[in-house]
Amino acid sequence: MHSSVDPIEKLTAAFEKLPSIGTRTAQRLTFYLMKADKQEALSLAEAITELKEKTRYCSICFNLTEADPCDICSDSSRERSIICVIEEPKDVLALEKTGQYRGLYHVLGGVLSPLDGIGPDNLKIRELQERVKNGIEEVILATSATAEGETTSAYLARLLHPYSVNISRIARGLPVGGDLEIASKETLIRALEERRRVE
Amino acid sequence: MPILKTEAIVLRSYKWSETSNIVTLCSRDFGKLRAVAKGARRPNSRFDNCLNPITQSQILFYPRKSGGLDVLKEASSINYFPDLKQELEKLAYASALCELTEYLTPDGQTGSSAYYALHQTLNKMEDSPLEDFKKLLWHFELRMFAVAGYRPQLCECVCCGGSPKSLPVSFSLAQGGVLCEKCEQKDAARRQVHPDTVKLLRMLQSIEIEKVGKIQISPSLEREIKAILEAFWRYHTEEYRKLKSLQVLRQISRNAGT
């Protein structure tokens, strides 16, 4: 009897390891897959296998990719003198969706966060320095507007200052669709500081 | 269920779900709180940046029923300590204060000493040069030892109340203070420390925060103070090695040395 439920327990335990998934959710997912069409379950297993076997980090920008270098780094039509520095690979997707940016990326792999024990040695900062030395004209610092994101940007700006590159920081302030009355004091200060002339 | 209102400093914030965070706060009136902030991760969240770590905010919350989490209803920031977030080393020191508070404040303790110690030290750090941060951290550590019930006895012998006269002074980690000549045999693992180190620790323990920056400490005494405080920490709490901010500070000073 025990061996017959072993795969269920095994899969439930595997789901439980995923972020934001507790025992009950893990059990629900397991029983959903039990009842689901065999092909659906197999394609999920196949997708997970492919993810681990075919996906790697680009050796230039550290974005997730199937081929190394990634599609963006090997695309000759992109502006090769601009690097946008971001925290995580998912930020590439967010910026690419805008269709407004045609330069290259550099994924740091996180932000400087002393509370989490993440210092400069834990991020791809040395690799960024190496890239900036080779023909880069502008670096856009696009880390989040959180405390850690701000500190990371300030740290990078100081670090890259000796190189002859233009360093810019993405604008911070009111989010599009955001109400002025519920914005915090700091958000409004940023919004006022970074206001621009209306043409 | 009544809504409670207080001022608090955010010690840590964890992602709880796609849209919500769990925050640990050091509050003025209710001690350490762990609360869920529903919707805090949404772009137009009503919490905005009020729940970022190292932010002093006024909060409104529903207290937990039993064993659960408090639920935050509203937060508005009072001080974001922006200057501490402009430099990695400053952020690491400020984070160390938050970590120390989180580990050394017992759950359910409602006193406001930890809140005022943290608030005053963060405010003082904002106005101080980076060179003073180390001393402010030690001053804070000594205050927090008192909050947690580990206040080291530095004036009289911790065993008999006598006056230690030997040079160097014996310091007992286990007893939690200095030992006189008669009592020093009671602790075989006692440490020998320079009398000036004990004098400086005593000063740091009793001095007002405004004057901490004026204390002059030689590099050799700095090393001894750091070593004795670390050893004291390690002896009395397992948490010291978990302090990640201090690991980052060590990384920064190692990189600066290379």
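User: How many helices and strands are there in chain B?
Analyst: This is a predicted model. Read along the sequence, chain B follows the pattern β-β-β-β-β-α-α-α-β-β-β-α-α-α. The count for chain B is six helices and eight strands.

User: Why is chain B described as being as compact as a globular protein of its length?
Analyst: For 258 residues the globule rule gives 18 Å. Chain B comes close to this value, so it is as compact as a globular protein of that length. Its C-alpha trace spans about 65 × 45 × 30 Å along the principal axes. The radius of gyration behind the comparison is 20 Å.

User: What percentage of the 258 residues in chain B is buried?
Analyst: Buried here stands for under 20% relative accessible area. The buried share of its 258 residues is 51%.

User: How far apart are the mean positions of the positive and negative charges of chain B?
Analyst: Chain B carries 37 positive and 29 negative charges.

User: Which residues of H5(B) are buried?
Analyst: Helix H5 of chain B covers residues 219-236, 18 residues in total. From its first C-alpha to its last it reaches 26 Å, close to the 26 Å expected at 1.5 Å a residue. Its buried residues are Leu221(B), Ile225(B), Ile228(B), Leu229(B), Glu230(B), Ala231(B), Phe232(B) and Trp233(B).

Technical notes: Residues numbered from 1 in each chain as written. Chains lettered and ligands numbered in written order. Predicted model: local features only at pLDDT ≥ 70, side-chain atom pairs only at ≥ 80, totals over all residues. Heavy atoms only, no water. Helix = DSSP H or I, 4+ residues; strand = E, 2+ residues; numbered from the N terminus. Rg over C-alpha atoms; globule rule 2.2 N^0.38 Å. Buried < 20%, exposed > 50% of the residue type's maximum accessible area, 1.4 Å probe, protein only. Lys, Arg positive; Asp, Glu negative; His and termini not counted. Charge placed at Lys NZ, Arg CZ, Asp CG, Glu CD. Expected span 1.5 Å × (residues − 1).
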